[in-house]
Amino acid sequence: MTGRTARAPSAREEACAEEPGTPLRGGPGTPDPAEPGTLDPVDPSALIPAALAAVEDLVALDASRGATAAVPAVRELLRRLPQLSADPARLGALDRDLLSALAELSEVIGWILFDAGHYRRARRMNARALALAELCGDRGTARLTLLNHSMLETHTGRPRAALETASRVAGPRPLPALVDSLVLVRRAHATAVLGGDRDAVALISRARSRFLDGASPDDPPWAWWIDRTELLGHEGWVLSRLRAWSRAVPLLYEAATAPGPSYRHLFTAELLSALVRARAWREAEQLIADVAPRAAGIGSVRTTETLGATAVRLLASPGAPANTRDAAGFLLESLPARAGGRHPLIPRNHRA
């Protein structure tokens, strides 16, 4: 996934511009302004199943309808489970299995907030997930949280912080193949943003090689979603960042057209971006004709931001045919509405 977790495959506002912030740190004392004044005693035998069921429900909702559809459920969980907002330092006496379940649920919530465009809140929830995972020694959840956070850092324009975060996944022993491949994917994206063309290509090639080594018993349960389609999409995306259009487009096309969960609409958005940047006007127009009628149902703000930015770029491209620019306008009008009615990326002089 373009960053995810699940226990088994069967179950499952703020703008992009962000202040520099601080590196993700776990451990007791992770601040959160939503901390309640008191916590009632908890019964692990009741709370653990509830937290794990919430993980399953959120992941299934995210996969079927997208992150924005899962945000109301996240709000309800934060209201119903005060342990998700309390200072982790106050939770250290809890049962280890309960801490692990809360860490996993916090990680899932952090992912959903990220894909739904709530970047600051995602940062805070990632910090909480990492703190809880470290309290109970849940290295698997800690690793996934770091990998999700590395992706968030790259997306919000902090590739060096993304590299630092990904580097923290390593431990005293070699990483299992699927985890290592995802670390390499995160490093490749950040390196490409920094302009390291050869290094980025080498990293994504190593990611593919490690994936082909196959899953091992040491890979965590959450690694089930790291499959061939996921790697193809990320390889194409990295190559697109490097402007290697002829290599990027076929990979992105294959990833975008393969059956899969809702969050992989992002590969479709990256494919359209690559086509427009490559000035492949006819192919871009055909893709828009396919995407626009279903754009309102895309539940990933990252995806709709990318589609909107690409459509704006296409509208401003003097070399694009009139029909293709008209298609771009149709796509903009089709994207989910934001507060205030008009989509923020639609030019004020645009006429549908």
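Residues are numbered from 1 along each chain as its sequence is written, and side-chain values use heavy atoms, leaving out hydrogens and water. Because the model is predicted, local features need pLDDT of at least 70, side-chain atom pairs count only at pLDDT 80 or more, and totals for chains, interfaces and linings use all residues.

**View 1. Helix α1 packs with helix α3.** Helix α1 spans residues 44-65 and helix α3 residues 96-115. Helices are DSSP runs (H or I, at least four residues), numbered from the N terminus. The angle is about 25° and the axes lie 9 Å apart. Axes are lines fitted to C-alpha atoms over the stretch in contact, and angles run from 0 to 180 degrees between N-to-C directions. α1 is therefore roughly parallel to α3 (angles under 35 degrees). The crossing of α1 past α3 is left-handed (near helix turned anticlockwise from the far one by less than a right angle). Contact means heavy atoms within 4.5 Å. Among the contact residues are Leu47, Ala51, Val55 and Leu58 of α1, and Leu98, Leu105, Val108 and Ile112 of α3. By class, the α1 and α3 contact holds 16 nonpolar, no polar and four charged residues. Ala, Val, Leu, Ile, Met, Phe, Trp, Tyr, Cys and Pro count as nonpolar, Asp, Glu, Lys and Arg as charged, and the others, Gly among them, as polar.

**View 2. Helix α10 packs with helix α11.** α10 covers residues 245-257 and α11 covers 265-277. Their angle is about 150°, with axes 9 Å apart. The pair is therefore roughly antiparallel (over 145 degrees). α10 passes α11 in a left-handed crossing. Trp245, Val249 and Leu252 are among the α10 residues that meet α11, whose partners include Phe267, Leu271 and Arg277.

**View 3. The largest nonpolar core has 69 residues.** Such a core is a set of buried Ala, Val, Leu, Ile, Met, Phe, Trp, Tyr and Cys residues joined through side-chain atoms within 4.5 Å. Leu58, Leu105, Ile109, Ile112, Trp222 and Ile226 touch the most other members. Helix α3 gives the most, 12 residues. Leu105 touches Ala51, Leu77 and Leu84, among others, not counting residues up to four places away in sequence. A second, separate core of 35 residues includes Ala248, Leu252, Ala274 and Ile288.

**View 4. Glu235 sits in helix α9.** Beyond four places in sequence, Glu235 touches Ile204, Arg208 and Leu251.

How values were computed. Helices (H or I, at least four residues) and strands (E, at least two) are DSSP runs, numbered from the N terminus. Angles under 35 degrees count as roughly parallel, over 145 as roughly antiparallel, 65 to 115 as roughly perpendicular and the rest as oblique. Buried means under 20% relative accessible area, exposed over 50%, partly exposed in between (1.4 Å probe, protein chains only).
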